[in-house]
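User: Please take a close look at the disulfides of this structure and describe them in a connected way.

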Amino acid sequence: LPRMQSSGSKPCPCPSFKLREVASMYFTMIAVFLVILVVALQGSAPRGSDFPYKVPLDPQGLLELSWNVSYPEQVVHFQLLVRDLRFGLLFGMSDRGEFENADLAVLWSDGHNSYFGDAWSDAQGQLHMDSQQDYQLLGARRAPEGLYLLFRRAFSTCDPKDYLIEDGTVHLIYGILEKPVHSLQAINVSALHRGLQRVQLLKPNITVPELPSDMKTMEITAPNVVIPSQETTYWCYMTELPYDFPKHHIIMYEPVITAGNEALVHHMEVFQCTAEFDSFPHYNGPCDSKMKPDRLNYCRHVLAAWAMGAQAFYYPKEAGLAFGGPGSSRYLRLEIHYHNPLVFKGRHDSSGIRLYYTATLRRYDAGIMELGLVYTPVMAIPPGEDAFILRGYCTDKCTQLALPAAGIRIFASQLHTHLAGRKVVTVLSRDGRERQVVNADGHYSPHFQEIRMLKEMVAVFPGDELVTTCTYNTEDRSRATVGGFGILEEMCVNYVHYYPQTQLELCKSAVDPGYLHRYFNLVNRFNDEEVCTCPQVSVPQQFFSVPWNTFNRDVLKSLYGFAPISMHCNKSSAVRFP
(Lines give C-alpha, C1' and ligand atoms only; values in the text may rest on other atoms or scores of the structure.)
Protein backbone atom coordinates (compact mmCIF):
# COMPACT_ATOMS: atom_id res chain seq x y z
CA LEU A 1 0.00 0.00 0.00
CA PRO A 2 1.27 3.51 -0.72
CA ARG A 3 1.97 5.73 2.26
CA MET A 4 -0.78 8.30 2.46
CA GLN A 5 -0.54 11.76 3.91
CA SER A 6 -2.83 14.73 4.11
CA SER A 7 -1.58 18.29 4.04
CA GLY A 8 0.47 19.23 7.08
CA SER A 9 0.47 15.76 8.61
CA LYS A 10 3.36 13.37 9.18
CA PRO A 11 3.63 10.29 6.97
CA CYS A 12 1.70 7.41 8.48
CA PRO A 13 2.74 3.75 8.01
CA CYS A 14 -0.84 2.72 7.28
CA PRO A 15 -3.68 4.73 5.72
CA SER A 16 -5.43 5.75 8.93
CA PHE A 17 -7.43 8.88 8.10
CA LYS A 18 -8.43 11.79 10.33
CA LEU A 19 -10.57 13.51 7.73
CA ARG A 20 -12.40 16.77 8.42
CA GLU A 21 -14.94 18.58 6.34
CA VAL A 22 -12.56 19.47 3.52
CA ALA A 23 -14.58 17.55 0.96
CA SER A 24 -12.29 17.90 -2.05
CA MET A 25 -9.22 16.67 -0.22
CA TYR A 26 -11.30 13.91 1.35
CA PHE A 27 -12.75 12.57 -1.90
CA THR A 28 -9.48 12.81 -3.86
CA MET A 29 -7.50 11.06 -1.18
CA ILE A 30 -9.95 8.24 -0.53
CA ALA A 31 -10.80 7.76 -4.21
CA VAL A 32 -7.14 7.36 -5.16
CA PHE A 33 -6.56 5.11 -2.19
CA LEU A 34 -9.52 2.80 -2.80
CA VAL A 35 -9.05 2.54 -6.56
CA ILE A 36 -5.47 1.43 -5.95
CA LEU A 37 -6.58 -0.71 -3.06
CA VAL A 38 -9.56 -2.51 -4.58
CA VAL A 39 -8.29 -2.91 -8.13
CA ALA A 40 -4.61 -3.59 -7.61
CA LEU A 41 -4.46 -5.58 -4.42
CA GLN A 42 -4.29 -9.33 -4.63
CA GLY A 43 -3.05 -11.60 -1.88
CA SER A 44 -3.80 -13.97 0.94
CA ALA A 45 -6.37 -13.43 3.67
CA PRO A 46 -5.28 -11.97 7.01
CA ARG A 47 -4.53 -14.56 9.70
CA GLY A 48 -7.65 -15.70 11.55
CA SER A 49 -5.73 -15.74 14.84
CA ASP A 50 -5.48 -11.93 14.63
CA PHE A 51 -9.29 -11.75 14.85
CA PRO A 52 -10.47 -14.38 17.36
CA TYR A 53 -14.19 -13.46 17.26
CA LYS A 54 -16.30 -14.10 14.19
CA VAL A 55 -19.96 -13.85 13.19
CA PRO A 56 -21.90 -13.92 9.89
CA LEU A 57 -23.76 -10.63 9.44
CA ASP A 58 -26.37 -11.74 6.89
CA PRO A 59 -28.34 -15.01 6.55
CA GLN A 60 -26.68 -15.86 3.22
CA GLY A 61 -23.17 -15.46 4.63
CA LEU A 62 -22.13 -12.79 2.07
CA LEU A 63 -20.77 -10.58 4.87
CA GLU A 64 -18.61 -12.05 7.63
CA LEU A 65 -17.33 -9.93 10.50
CA SER A 66 -14.26 -10.77 12.59
CA TRP A 67 -12.86 -8.57 15.33
CA ASN A 68 -10.44 -8.22 18.23
CA VAL A 69 -10.48 -5.98 21.29
CA SER A 70 -7.57 -3.97 22.69
CA TYR A 71 -8.38 -2.90 26.25
CA PRO A 72 -5.08 -0.97 26.71
CA GLU A 73 -5.88 1.14 23.60
CA GLN A 74 -9.68 1.05 24.17
CA VAL A 75 -10.12 0.13 20.50
CA VAL A 76 -11.93 -2.55 18.46
CA HIS A 77 -10.26 -3.72 15.22
CA PHE A 78 -12.72 -5.01 12.61
CA GLN A 79 -12.14 -7.23 9.61
CA LEU A 80 -15.09 -7.40 7.22
CA LEU A 81 -15.09 -10.08 4.51
CA VAL A 82 -17.35 -9.11 1.59
CA ARG A 83 -17.87 -12.18 -0.60
CA ASP A 84 -19.72 -10.51 -3.45
CA LEU A 85 -18.99 -6.77 -3.54
CA ARG A 86 -21.42 -4.85 -5.76
CA PHE A 87 -21.27 -1.08 -5.37
CA GLY A 88 -20.49 -0.82 -1.68
CA LEU A 89 -21.94 -1.42 1.75
CA LEU A 90 -22.92 0.17 5.06
CA PHE A 91 -21.76 -1.24 8.38
CA GLY A 92 -22.43 0.26 11.77
CA MET A 93 -24.18 0.34 15.13
CA SER A 94 -27.37 1.78 16.56
CA ASP A 95 -29.30 1.67 19.82
CA ARG A 96 -31.54 -1.28 18.91
CA GLY A 97 -30.70 -2.08 15.27
CA GLU A 98 -32.53 0.84 13.63
CA PHE A 99 -31.15 2.58 10.54
CA GLU A 100 -32.22 5.94 11.94
CA ASN A 101 -29.79 7.73 14.30
CA ALA A 102 -27.13 5.16 13.40
CA ASP A 103 -23.34 5.40 13.43
CA LEU A 104 -21.97 4.04 10.12
CA ALA A 105 -18.87 3.21 8.11
CA VAL A 106 -19.78 3.49 4.41
CA LEU A 107 -18.00 2.13 1.33
CA TRP A 108 -19.59 3.27 -1.94
CA SER A 109 -18.83 3.59 -5.63
CA ASP A 110 -20.07 5.91 -8.36
CA GLY A 111 -19.10 3.31 -10.97
CA HIS A 112 -15.63 4.81 -11.50
CA ASN A 113 -14.17 5.61 -8.11
CA SER A 114 -14.71 4.12 -4.65
CA TYR A 115 -15.07 6.07 -1.40
CA PHE A 116 -14.92 5.21 2.30
CA GLY A 117 -16.05 7.37 5.19
CA ASP A 118 -17.50 7.67 8.66
CA ALA A 119 -21.14 8.77 8.43
CA TRP A 120 -24.28 9.05 10.55
CA SER A 121 -27.98 8.88 9.79
CA ASP A 122 -30.58 11.30 11.12
CA ALA A 123 -34.06 10.53 12.47
CA GLN A 124 -35.35 10.21 8.87
CA GLY A 125 -32.55 7.81 7.87
CA GLN A 126 -30.75 10.40 5.70
CA LEU A 127 -26.96 9.89 5.61
CA HIS A 128 -24.48 12.65 6.47
CA MET A 129 -20.68 12.68 6.41
CA ASP A 130 -19.35 12.89 9.97
CA SER A 131 -17.10 15.89 10.64
CA GLN A 132 -15.04 13.63 12.93
CA GLN A 133 -13.82 10.52 11.09
CA ASP A 134 -13.61 7.82 13.77
CA TYR A 135 -13.96 4.67 11.66
CA GLN A 136 -10.33 4.54 10.50
CA LEU A 137 -9.63 2.50 7.38
CA LEU A 138 -6.43 0.50 7.88
CA GLY A 139 -6.30 -1.49 4.67
CA ALA A 140 -8.03 -3.81 2.26
CA ARG A 141 -7.05 -7.01 0.56
CA ARG A 142 -8.48 -9.04 -2.29
CA ALA A 143 -8.46 -12.79 -1.75
CA PRO A 144 -10.12 -15.67 -3.65
CA GLU A 145 -13.06 -15.63 -1.22
CA GLY A 146 -13.70 -11.87 -1.54
CA LEU A 147 -12.58 -8.46 -0.32
CA TYR A 148 -11.24 -7.98 3.20
CA LEU A 149 -11.71 -4.50 4.69
CA LEU A 150 -9.76 -3.66 7.85
CA PHE A 151 -10.73 -0.72 10.03
CA ARG A 152 -10.71 0.32 13.66
CA ARG A 153 -12.92 2.24 16.03
CA ALA A 154 -12.34 3.53 19.58
CA PHE A 155 -14.84 2.48 22.27
CA SER A 156 -15.60 6.14 23.02
CA THR A 157 -14.94 9.00 20.58
CA CYS A 158 -16.51 12.02 22.37
CA ASP A 159 -18.46 12.59 19.13
CA PRO A 160 -22.21 13.07 19.83
CA LYS A 161 -23.01 11.42 16.45
CA ASP A 162 -21.08 8.25 17.37
CA TYR A 163 -22.26 5.14 19.18
CA LEU A 164 -20.59 4.46 22.55
CA ILE A 165 -19.29 0.86 22.51
CA GLU A 166 -20.03 -0.61 25.96
CA ASP A 167 -20.12 -3.97 27.71
CA GLY A 168 -23.17 -6.02 26.79
CA THR A 169 -25.10 -6.42 23.56
CA VAL A 170 -24.28 -4.34 20.47
CA HIS A 171 -26.76 -4.16 17.58
CA LEU A 172 -24.70 -4.24 14.36
CA ILE A 173 -26.43 -3.17 11.15
CA TYR A 174 -25.47 -3.65 7.51
CA GLY A 175 -26.75 -2.66 4.07
CA ILE A 176 -25.60 -3.71 0.60
CA LEU A 177 -25.50 -1.23 -2.31
CA GLU A 178 -26.75 -2.88 -5.50
CA LYS A 179 -26.27 0.18 -7.76
CA PRO A 180 -23.67 2.95 -8.12
CA VAL A 181 -24.40 6.22 -6.30
CA HIS A 182 -22.92 9.65 -7.10
CA SER A 183 -22.68 10.79 -3.45
CA LEU A 184 -23.16 9.65 0.11
CA GLN A 185 -26.34 11.73 0.43
CA ALA A 186 -27.82 9.93 -2.59
CA ILE A 187 -27.88 6.57 -0.75
CA ASN A 188 -31.48 5.64 0.00
CA VAL A 189 -31.20 3.56 3.17
CA SER A 190 -34.78 2.23 2.99
CA ALA A 191 -34.17 0.73 -0.48
CA LEU A 192 -31.10 -1.30 0.57
CA HIS A 193 -30.82 -5.01 1.16
CA ARG A 194 -30.18 -4.66 4.88
CA GLY A 195 -30.35 -6.33 8.29
CA LEU A 196 -28.99 -6.54 11.81
CA GLN A 197 -26.87 -8.87 13.90
CA ARG A 198 -26.47 -8.81 17.69
CA VAL A 199 -23.10 -9.52 19.29
CA GLN A 200 -21.13 -8.92 22.46
CA LEU A 201 -18.27 -6.86 20.99
CA LEU A 202 -16.28 -6.31 24.18
CA LYS A 203 -15.35 -9.88 25.04
CA PRO A 204 -13.59 -10.44 28.38
CA ASN A 205 -9.84 -10.99 28.26
CA ILE A 206 -9.93 -14.48 29.82
CA THR A 207 -6.80 -16.55 30.46
CA VAL A 208 -7.64 -20.07 29.25
CA PRO A 209 -7.10 -22.50 32.16
CA GLU A 210 -4.95 -25.59 31.61
CA LEU A 211 -7.15 -28.58 30.74
CA PRO A 212 -6.61 -31.97 32.46
CA SER A 213 -5.11 -34.98 30.66
CA ASP A 214 -8.10 -37.22 31.48
CA MET A 215 -10.56 -34.80 29.84
CA LYS A 216 -13.30 -36.40 27.72
CA THR A 217 -15.83 -34.90 25.34
CA MET A 218 -19.53 -35.51 24.76
CA GLU A 219 -21.45 -34.03 21.83
CA ILE A 220 -25.12 -33.26 22.40
CA THR A 221 -26.34 -32.55 18.87
CA ALA A 222 -29.55 -32.51 16.86
CA PRO A 223 -30.07 -35.79 14.93
CA ASN A 224 -29.93 -34.50 11.32
CA VAL A 225 -32.94 -32.22 11.73
CA VAL A 226 -34.58 -30.68 8.65
CA ILE A 227 -34.78 -26.98 9.59
CA PRO A 228 -38.42 -25.87 9.12
CA SER A 229 -38.98 -23.37 6.30
CA GLN A 230 -40.17 -20.55 8.58
CA GLU A 231 -38.40 -17.57 10.13
CA THR A 232 -38.26 -18.75 13.76
CA THR A 233 -38.13 -22.29 15.14
CA TYR A 234 -37.26 -23.55 18.62
CA TRP A 235 -36.29 -27.21 18.26
CA CYS A 236 -36.24 -29.60 21.24
CA TYR A 237 -34.36 -32.90 21.35
CA MET A 238 -34.17 -35.28 24.32
CA THR A 239 -31.11 -37.41 24.99
CA GLU A 240 -29.69 -39.20 28.02
CA LEU A 241 -26.46 -40.00 29.80
CA PRO A 242 -25.34 -43.66 30.08
CA TYR A 243 -26.69 -45.73 33.01
CA ASP A 244 -24.58 -45.44 36.19
CA PHE A 245 -22.76 -42.39 34.77
CA PRO A 246 -20.71 -41.24 37.80
CA LYS A 247 -20.28 -37.64 38.93
CA HIS A 248 -18.07 -35.57 36.61
CA HIS A 249 -17.22 -31.90 36.28
CA ILE A 250 -17.95 -29.98 33.08
CA ILE A 251 -14.91 -27.71 32.67
CA MET A 252 -15.56 -26.24 29.22
CA TYR A 253 -18.03 -26.32 26.35
CA GLU A 254 -18.16 -25.01 22.79
CA PRO A 255 -20.59 -24.95 19.86
CA VAL A 256 -20.70 -27.59 17.13
CA ILE A 257 -22.26 -25.94 14.05
CA THR A 258 -23.07 -27.85 10.86
CA ALA A 259 -21.02 -26.34 8.01
CA GLY A 260 -23.16 -23.99 5.93
CA ASN A 261 -25.65 -23.33 8.76
CA GLU A 262 -23.55 -20.75 10.64
CA ALA A 263 -26.04 -17.98 9.80
CA LEU A 264 -29.13 -20.06 10.74
CA VAL A 265 -28.22 -21.42 14.19
CA HIS A 266 -29.02 -18.46 16.43
CA HIS A 267 -28.59 -19.89 19.92
CA MET A 268 -28.54 -23.24 21.74
CA GLU A 269 -28.98 -24.47 25.31
CA VAL A 270 -28.52 -27.82 27.06
CA PHE A 271 -30.80 -28.38 30.07
CA GLN A 272 -30.70 -31.16 32.66
CA CYS A 273 -34.04 -32.58 33.79
CA THR A 274 -35.21 -32.78 37.38
CA ALA A 275 -34.35 -35.92 39.38
CA GLU A 276 -38.00 -36.05 40.60
CA PHE A 277 -38.94 -38.33 37.69
CA ASP A 278 -37.24 -41.67 36.95
CA SER A 279 -37.72 -41.34 33.21
CA PHE A 280 -38.54 -38.81 30.50
CA PRO A 281 -40.10 -39.52 27.10
CA HIS A 282 -37.98 -39.28 23.96
CA TYR A 283 -38.82 -36.29 21.77
CA ASN A 284 -37.38 -34.68 18.66
CA GLY A 285 -39.46 -31.79 17.29
CA PRO A 286 -40.52 -28.15 17.64
CA CYS A 287 -40.63 -26.97 21.26
CA ASP A 288 -44.05 -25.35 20.74
CA SER A 289 -45.65 -28.45 19.19
CA LYS A 290 -48.78 -29.90 20.77
CA MET A 291 -47.02 -33.27 20.43
CA LYS A 292 -44.27 -32.23 22.88
CA PRO A 293 -44.74 -34.14 26.19
CA ASP A 294 -45.51 -31.84 29.15
CA ARG A 295 -42.82 -33.54 31.23
CA LEU A 296 -40.14 -31.82 29.14
CA ASN A 297 -41.08 -28.62 30.98
CA TYR A 298 -39.28 -30.13 34.01
CA CYS A 299 -35.93 -29.92 32.17
CA ARG A 300 -34.87 -26.40 33.18
CA HIS A 301 -31.44 -26.70 34.87
CA VAL A 302 -29.00 -25.02 32.46
CA LEU A 303 -25.78 -26.98 31.77
CA ALA A 304 -24.61 -24.94 28.77
CA ALA A 305 -25.83 -21.98 26.71
CA TRP A 306 -24.37 -20.55 23.52
CA ALA A 307 -25.42 -17.64 21.29
CA MET A 308 -24.14 -16.56 17.88
CA GLY A 309 -20.74 -14.88 18.12
CA ALA A 310 -19.86 -16.54 21.46
CA GLN A 311 -16.63 -18.48 21.88
CA ALA A 312 -15.90 -21.55 23.99
CA PHE A 313 -16.94 -21.18 27.65
CA TYR A 314 -14.33 -22.08 30.29
CA TYR A 315 -14.93 -22.72 33.98
CA PRO A 316 -12.37 -21.24 36.40
CA LYS A 317 -9.53 -23.70 37.14
CA GLU A 318 -10.75 -24.35 40.71
CA ALA A 319 -14.40 -25.18 39.80
CA GLY A 320 -16.52 -27.34 37.50
CA LEU A 321 -20.23 -27.88 36.89
CA ALA A 322 -21.30 -31.23 38.34
CA PHE A 323 -23.35 -33.68 36.31
CA GLY A 324 -23.93 -37.42 36.67
CA GLY A 325 -23.86 -39.42 39.88
CA PRO A 326 -26.56 -40.06 42.51
CA GLY A 327 -29.30 -37.46 42.84
CA SER A 328 -28.69 -36.22 39.27
CA SER A 329 -31.01 -36.95 36.33
CA ARG A 330 -29.63 -38.82 33.32
CA TYR A 331 -31.97 -36.93 30.98
CA LEU A 332 -30.93 -33.86 28.99
CA ARG A 333 -32.83 -31.53 26.66
CA LEU A 334 -31.12 -29.74 23.77
CA GLU A 335 -32.94 -26.61 22.56
CA ILE A 336 -31.87 -24.89 19.32
CA HIS A 337 -33.23 -21.58 18.04
CA TYR A 338 -33.12 -21.53 14.22
CA HIS A 339 -33.39 -18.09 12.62
CA ASN A 340 -34.28 -18.61 8.95
CA PRO A 341 -35.53 -15.24 7.59
CA LEU A 342 -34.86 -16.23 3.94
CA VAL A 343 -37.01 -19.37 4.54
CA PHE A 344 -34.50 -21.87 3.12
CA LYS A 345 -36.12 -25.25 2.48
CA GLY A 346 -34.64 -28.70 3.09
CA ARG A 347 -31.58 -27.59 5.10
CA HIS A 348 -30.32 -30.44 7.31
CA ASP A 349 -28.73 -29.65 10.66
CA SER A 350 -26.78 -31.59 13.30
CA SER A 351 -25.61 -28.65 15.41
CA GLY A 352 -25.30 -28.74 19.17
CA ILE A 353 -22.87 -28.31 22.05
CA ARG A 354 -19.68 -30.21 22.84
CA LEU A 355 -19.12 -30.68 26.59
CA TYR A 356 -15.58 -31.19 27.94
CA TYR A 357 -15.64 -33.02 31.27
CA THR A 358 -13.36 -34.76 33.73
CA ALA A 359 -13.68 -37.50 36.36
CA THR A 360 -10.93 -35.76 38.38
CA LEU A 361 -13.20 -33.46 40.31
CA ARG A 362 -12.00 -29.91 40.90
CA ARG A 363 -11.94 -28.32 44.34
CA TYR A 364 -15.40 -26.75 44.07
CA ASP A 365 -18.73 -27.57 42.47
CA ALA A 366 -20.02 -24.56 40.54
CA GLY A 367 -23.58 -23.45 41.25
CA ILE A 368 -26.27 -21.41 39.47
CA MET A 369 -28.38 -18.95 41.44
CA GLU A 370 -31.43 -16.98 40.26
CA LEU A 371 -31.52 -13.28 41.18
CA GLY A 372 -34.24 -10.75 40.35
CA LEU A 373 -38.03 -10.96 40.49
CA VAL A 374 -40.23 -13.89 41.43
CA TYR A 375 -42.42 -15.13 38.52
CA THR A 376 -45.65 -13.56 39.78
CA PRO A 377 -48.37 -11.33 38.30
CA VAL A 378 -48.11 -8.87 41.23
CA MET A 379 -45.23 -7.24 39.33
CA ALA A 380 -46.74 -5.55 36.27
CA ILE A 381 -45.91 -2.95 33.64
CA PRO A 382 -48.62 -0.54 32.40
CA PRO A 383 -49.16 -0.33 28.62
CA GLY A 384 -47.62 2.49 26.58
CA GLU A 385 -44.45 2.82 28.71
CA ASP A 386 -41.13 3.63 27.03
CA ALA A 387 -38.88 2.83 30.03
CA PHE A 388 -40.68 1.30 33.04
CA ILE A 389 -38.37 0.06 35.81
CA LEU A 390 -38.83 -2.95 38.10
CA ARG A 391 -36.34 -4.11 40.74
CA GLY A 392 -35.77 -7.50 42.34
CA TYR A 393 -33.84 -7.82 45.59
CA CYS A 394 -31.57 -10.47 47.07
CA THR A 395 -31.45 -9.03 50.59
CA ASP A 396 -28.74 -8.93 53.24
CA LYS A 397 -30.84 -11.18 55.51
CA CYS A 398 -30.91 -13.92 52.85
CA THR A 399 -27.18 -13.81 52.06
CA GLN A 400 -26.42 -13.68 55.82
CA LEU A 401 -28.34 -16.94 56.33
CA ALA A 402 -27.40 -18.81 53.16
CA LEU A 403 -23.81 -17.94 52.17
CA PRO A 404 -20.65 -19.38 53.75
CA ALA A 405 -18.46 -17.07 55.85
CA ALA A 406 -15.78 -17.02 53.11
CA GLY A 407 -18.41 -15.92 50.56
CA ILE A 408 -18.91 -17.03 46.96
CA ARG A 409 -17.27 -15.97 43.66
CA ILE A 410 -19.48 -15.09 40.68
CA PHE A 411 -17.63 -15.75 37.40
CA ALA A 412 -20.41 -15.68 34.78
CA SER A 413 -23.93 -14.37 34.30
CA GLN A 414 -26.93 -14.83 32.00
CA LEU A 415 -29.50 -12.02 31.95
CA HIS A 416 -33.09 -12.89 31.05
CA THR A 417 -36.37 -11.11 30.32
CA HIS A 418 -39.17 -11.71 27.84
CA LEU A 419 -40.07 -9.52 24.85
CA ALA A 420 -40.52 -6.14 26.59
CA GLY A 421 -37.06 -6.16 28.27
CA ARG A 422 -34.65 -3.38 27.13
CA LYS A 423 -32.01 -3.06 29.90
CA VAL A 424 -30.86 -5.31 32.75
CA VAL A 425 -28.27 -4.61 35.46
CA THR A 426 -27.31 -6.31 38.74
CA VAL A 427 -25.43 -4.27 41.35
CA LEU A 428 -23.72 -5.54 44.52
CA SER A 429 -24.17 -3.43 47.68
CA ARG A 430 -22.32 -3.78 50.98
CA ASP A 431 -23.00 -1.83 54.18
CA GLY A 432 -25.66 0.22 52.39
CA ARG A 433 -23.37 1.35 49.54
CA GLU A 434 -23.25 0.22 45.93
CA ARG A 435 -19.85 -1.41 45.44
CA GLN A 436 -19.72 -3.19 42.08
CA VAL A 437 -21.69 -3.89 38.91
CA VAL A 438 -22.04 -7.67 38.56
CA ASN A 439 -23.35 -7.56 34.98
CA ALA A 440 -25.02 -4.83 32.93
CA ASP A 441 -26.54 -4.68 29.46
CA GLY A 442 -27.82 -1.26 28.42
CA HIS A 443 -28.87 -2.54 24.96
CA TYR A 444 -30.28 -5.87 26.13
CA SER A 445 -32.28 -7.92 23.63
CA PRO A 446 -34.48 -10.91 24.55
CA HIS A 447 -33.43 -12.37 21.18
CA PHE A 448 -29.78 -12.58 22.25
CA GLN A 449 -29.21 -14.36 25.55
CA GLU A 450 -25.91 -16.02 26.38
CA ILE A 451 -23.93 -16.97 29.47
CA ARG A 452 -21.23 -14.30 29.63
CA MET A 453 -17.93 -14.77 31.44
CA LEU A 454 -17.30 -11.71 33.63
CA LYS A 455 -14.19 -9.57 33.10
CA GLU A 456 -13.40 -10.08 36.78
CA MET A 457 -14.90 -12.29 39.45
CA VAL A 458 -17.32 -10.73 41.91
CA ALA A 459 -16.98 -11.77 45.57
CA VAL A 460 -20.27 -11.87 47.52
CA PHE A 461 -20.18 -12.19 51.32
CA PRO A 462 -22.87 -12.83 53.97
CA GLY A 463 -24.79 -9.59 54.51
CA ASP A 464 -24.26 -8.30 50.95
CA GLU A 465 -27.24 -7.28 48.79
CA LEU A 466 -27.74 -7.93 45.07
CA VAL A 467 -30.27 -5.69 43.29
CA THR A 468 -31.36 -6.55 39.75
CA THR A 469 -33.03 -3.74 37.78
CA CYS A 470 -34.95 -4.33 34.54
CA THR A 471 -36.23 -1.66 32.16
CA TYR A 472 -39.19 -2.44 29.91
CA ASN A 473 -40.85 -0.93 26.84
CA THR A 474 -44.58 -1.58 26.35
CA GLU A 475 -45.34 1.17 23.80
CA ASP A 476 -46.79 -1.45 21.43
CA ARG A 477 -49.18 -2.90 24.03
CA SER A 478 -52.73 -1.89 24.91
CA ARG A 479 -53.09 -3.62 28.28
CA ALA A 480 -50.91 -4.28 31.32
CA THR A 481 -48.07 -6.83 31.09
CA VAL A 482 -47.90 -9.00 34.22
CA GLY A 483 -45.08 -11.18 35.50
CA GLY A 484 -45.20 -14.87 34.61
CA PHE A 485 -43.94 -17.70 32.40
CA GLY A 486 -45.78 -16.80 29.16
CA ILE A 487 -43.84 -15.06 26.38
CA LEU A 488 -46.22 -12.04 26.58
CA GLU A 489 -45.78 -11.98 30.36
CA GLU A 490 -42.52 -10.69 31.83
CA MET A 491 -39.49 -11.82 33.80
CA CYS A 492 -36.48 -10.07 35.35
CA VAL A 493 -33.76 -12.60 36.09
CA ASN A 494 -29.99 -12.86 36.35
CA TYR A 495 -28.75 -16.47 36.44
CA VAL A 496 -25.36 -16.07 38.14
CA HIS A 497 -22.74 -18.84 37.88
CA TYR A 498 -20.57 -19.06 40.97
CA TYR A 499 -18.55 -21.29 43.30
CA PRO A 500 -18.54 -22.92 45.80
CA GLN A 501 -22.08 -24.23 45.33
CA THR A 502 -24.42 -23.50 48.24
CA GLN A 503 -27.99 -24.55 49.03
CA LEU A 504 -29.21 -21.12 47.91
CA GLU A 505 -30.69 -21.53 44.43
CA LEU A 506 -33.10 -18.61 44.28
CA CYS A 507 -32.80 -15.17 45.90
CA LYS A 508 -35.65 -13.02 44.55
CA SER A 509 -38.42 -10.71 45.60
CA ALA A 510 -41.81 -9.25 44.66
CA VAL A 511 -44.01 -6.52 46.10
CA ASP A 512 -45.99 -7.53 49.18
CA PRO A 513 -49.41 -8.73 47.84
CA GLY A 514 -51.28 -6.98 50.68
CA TYR A 515 -49.92 -3.61 49.56
CA LEU A 516 -50.89 -4.37 45.95
CA HIS A 517 -54.46 -5.00 47.21
CA ARG A 518 -54.37 -1.53 48.80
CA TYR A 519 -53.30 -0.14 45.41
CA PHE A 520 -56.39 -1.58 43.70
CA ASN A 521 -58.61 -0.16 46.48
CA LEU A 522 -57.02 3.26 45.97
CA VAL A 523 -57.61 3.07 42.20
CA ASN A 524 -61.29 2.41 42.94
CA ARG A 525 -61.56 5.43 45.23
CA PHE A 526 -60.09 7.86 42.71
CA ASN A 527 -61.53 6.52 39.44
CA ASP A 528 -65.00 6.31 37.97
CA GLU A 529 -64.31 2.92 36.39
CA GLU A 530 -64.64 0.14 38.94
CA VAL A 531 -61.71 -2.28 39.35
CA CYS A 532 -63.02 -5.46 40.92
CA THR A 533 -60.94 -6.23 44.03
CA CYS A 534 -62.99 -9.23 45.14
CA PRO A 535 -60.89 -12.31 46.08
CA GLN A 536 -62.25 -14.47 43.24
CA VAL A 537 -60.86 -12.11 40.58
CA SER A 538 -57.23 -12.85 39.64
CA VAL A 539 -54.45 -10.26 39.93
CA PRO A 540 -53.96 -10.18 36.11
CA GLN A 541 -57.71 -9.47 35.66
CA GLN A 542 -57.49 -6.64 38.17
CA PHE A 543 -54.50 -5.13 36.34
CA PHE A 544 -56.30 -5.48 32.98
CA SER A 545 -59.25 -3.43 34.29
CA VAL A 546 -57.15 -0.50 35.62
CA PRO A 547 -57.67 2.71 33.56
CA TRP A 548 -54.06 3.71 32.87
CA ASN A 549 -54.15 7.45 33.47
CA THR A 550 -51.09 9.35 34.76
CA PHE A 551 -52.22 9.09 38.39
CA ASN A 552 -52.60 5.29 38.34
CA ARG A 553 -49.24 4.87 36.60
CA ASP A 554 -47.40 7.14 39.08
CA VAL A 555 -48.95 5.48 42.13
CA LEU A 556 -47.93 2.03 40.83
CA LYS A 557 -44.35 3.27 40.31
CA SER A 558 -44.35 4.62 43.88
CA LEU A 559 -45.77 1.36 45.21
CA TYR A 560 -42.97 -0.66 43.58
CA GLY A 561 -40.38 1.85 44.81
CA PHE A 562 -41.43 2.07 48.46
CA ALA A 563 -43.81 -0.74 49.53
CA PRO A 564 -42.51 -3.69 51.58
CA ILE A 565 -41.38 -6.73 49.62
CA SER A 566 -42.07 -10.43 49.86
CA MET A 567 -38.66 -12.19 49.90
CA HIS A 568 -37.99 -15.62 48.40
CA CYS A 569 -34.76 -17.10 49.81
CA ASN A 570 -35.03 -20.67 48.49
CA LYS A 571 -33.08 -23.90 48.56
CA SER A 572 -32.98 -26.08 45.43
CA SER A 573 -35.93 -28.12 46.71
CA ALA A 574 -38.02 -24.87 46.65
CA VAL A 575 -37.98 -24.93 50.47
CA ARG A 576 -37.34 -21.46 51.88
CA PHE A 577 -34.57 -20.65 54.31
CA PRO A 578 -36.23 -19.77 57.63
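Analyst: A residue is called buried when its relative accessible area is under 20%, exposed when over 50%, and partly exposed in between (1.4 Å probe, protein chains only). The model is predicted, so local features need pLDDT of at least 70 and side-chain atom pairs count only at pLDDT 80 or more, while totals for chains, interfaces and linings use all residues. Residues are numbered from 1 along each chain as its sequence is written, and side-chain values use heavy atoms, with hydrogens and water left out.

A disulfide is a pair of cysteine sulfur atoms within 2.5 Å, and the structure holds 5 disulfides. One of them joins cysteine 394 to cysteine 507, with a distance of 2.0 Å between the sulfur atoms. This pair links distant parts of the chain, 113 residues apart: cysteine 394 lies in strand β27 (residues 388–394) and cysteine 507 in strand β35 (residues 504–511). Strands (E, at least two residues) and helices (H or I, at least four) are DSSP runs, numbered from the N terminus. The torsion about the S-S bond is 90°, and the link of cysteine 394 and cysteine 507 is right-handed. Cysteine 507 has 0% relative accessibility and therefore counts as buried; cysteine 394, at 1%, also counts as buried.

Another disulfide connects cysteine 236 and cysteine 287, S to S 2.1 Å. Here the torsion about the S-S bond is about 110°, so the disulfide is right-handed. Cysteine 236 belongs to strand β14 (residues 232–240), whereas cysteine 287 sits in the loop between β17 (284–286) and β18 (301–307), 51 residues apart. Both cysteine 236 and cysteine 287 are buried.
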